[in-house]
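Hi everyone, thanks for coming. Please have a look at the structure on the screen, and then I'll walk you through a few parts of it.

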Amino acid sequence: MTTRNSLLAVLALSCLAACDSRTVGEFKAERANKAYQEAMEDYTAGRIEAAAKGFEKVLRADPSNASARFQLACLQQDSRHDYLGAYCNYREYLLFAPESDKAKLAKERLAICEKLFGEELAKKAGGEGGASAAQATAMGEEIARLKEECAKAAAALKDSNEKLGRLAGENARLRKLIAAVGDEGADVAKQADITSVKDLLDDDSEEAKSAAALDEAKALNALAEAEEADSGSASSLLPQQAADAKDKKKAAEESERKMKAAREAMKASIPDTYVVQEGDTLYKIAVRFYGRTSAWKQIREANKESISTDGRVRSGMTIKLPK
């Protein structure tokens, strides 16, 4: 027993040292999380339960936070002696960070947890009334089942994170498009230095065509405003100037048509329903799909039966998005 405790103590110290040594890339960003830092302070001060709750809070917000998962696994193994919980968290950690500098340590600790959990089961089977061979076999099958469930959960989590990654990229692209469209009333001189919306999209996409129409419309609208300011002296226009004004008006009408088509295309891209995510508000949802916060009222009106007058939404609820 003394040898095992010594081994666990050495592994715990190695765990903390390994975590302190990694200060780059994704691990650095994970440890910058305020909730993670508070949990580490509790862990260092010996406030084990508070630390466990802190790491669990971090993982509820971001299940892929490998740093929090590794620390929680160490805490479960060394302080709580929850070897099954630690085993599952080490497995999750290795899924997210298979090449990290702590991967080898995580594998070693995982093997120890598996051994200790087996010893616990064997002790209960032999020391509490002498369990039969059938009971021991059942326990072994339960361990195998739990391992299989852990593997399935890890695969499902990996798949979900891949989908979230794709959605994040799509959302970033749409935010750029919305931001560019929102600059429609800005000064034309400033717009000259801004990347064309068309460059943010594939040249052959419908969004690119709509965006190109918006760029053209901005310049033409500016010319139309200049013409309107000089309308008092229209009678003194030279024949060539009158012809130019007519061409510009025609071009402006064509651009307005294209802009209308672009707006229709953007509306068509809005899904009929949306599942509210953790941290969502009606303001955030309005900006995400409509490009303006004022659209939150439209969303609330379209969901009177499920959204109260104060506009609060809950994670997991499905809401309708009006066109």
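Let's begin with the cysteines. The sulfur of cysteine 113 lies 8.8 Å from the closest cysteine sulfur, the one in cysteine 74, and that is too far for a bond. A disulfide here is a pair of cysteine sulfur atoms within 2.5 Å, and the structure holds zero disulfides. Are cysteine 74 and cysteine 113 buried or exposed? Cysteine 74 is buried, with a relative accessible area of 0%, and cysteine 113 is buried with a relative accessible area of 0% too. Buried means under 20% relative accessible area, exposed means over 50%, and partly exposed is in between, using a 1.4 Å probe and protein chains only.

A quick word on what you're looking at: this is a predicted model, where local features need pLDDT of at least 70 and side-chain atom pairs count only at pLDDT 80 or more, while totals for chains, interfaces and linings use all residues. Residues are numbered from 1 along each chain as its sequence is written, and side-chain values use heavy atoms, with hydrogens and water left out.

Now the overall picture. The protein has 323 residues, and 33% of them count as buried. Its secondary structure comes to 13 helices and two strands; these are DSSP runs numbered from the N terminus, with helices being H or I of at least four residues and strands being E of at least two. Among contacts with a separation of 6 or more, 58% join residues 24 or more positions apart, where contact means heavy atoms within 4.5 Å.

Next, please find helix α3, residues 34-44, and helix α4, residues 48-61. How do they cross? Their axes come within 8 Å and cross at roughly 160°, which makes α3 roughly antiparallel to α4. The axes are lines fitted to C-alpha atoms, for helices over the stretch in contact, and the angles run from 0 to 180 degrees between N-to-C directions. Angles under 35 degrees count as roughly parallel, over 145 as roughly antiparallel, 65 to 115 as roughly perpendicular, and the rest as oblique. On the α3 side, the contact includes Tyr36, Met40 and Tyr43, and on the α4 side it includes Gly54 and Phe55. The residues of this contact divide into ten nonpolar, one polar and one charged. For those classes, Ala, Val, Leu, Ile, Met, Phe, Trp, Tyr, Cys and Pro count as nonpolar, Asp, Glu, Lys and Arg as charged, and the others, Gly among them, as polar.

Let's follow α4 to its other partner, helix α5, residues 66-80. The axes of α4 and α5 come within 9 Å and cross at roughly 150°, so these two are roughly antiparallel to each other. Phe55 and Leu59 are among the α4 residues that meet α5, where the partners include Leu72 and Leu75. By class, the contact of α4 with α5 has nine nonpolar, two polar and four charged residues.

Finally, two single residues. Tyrosine 87 sits in helix α6, residues 83-96, and is buried, with a relative accessible area of 7%. Which residues does tyrosine 87 contact, leaving aside its neighbours within four places in sequence? They are Leu110, Cys113, Glu114 and Lys147, so one of them is the cysteine 113 that is 8.8 Å, sulfur to sulfur, from cysteine 74. Isoleucine 112 is in helix α7, residues 103-127, and is buried with a relative accessible area of 16%. Isoleucine 112 and tyrosine 83 are 29 residues apart in sequence, yet 8.6 Å apart in space, C-alpha to C-alpha.
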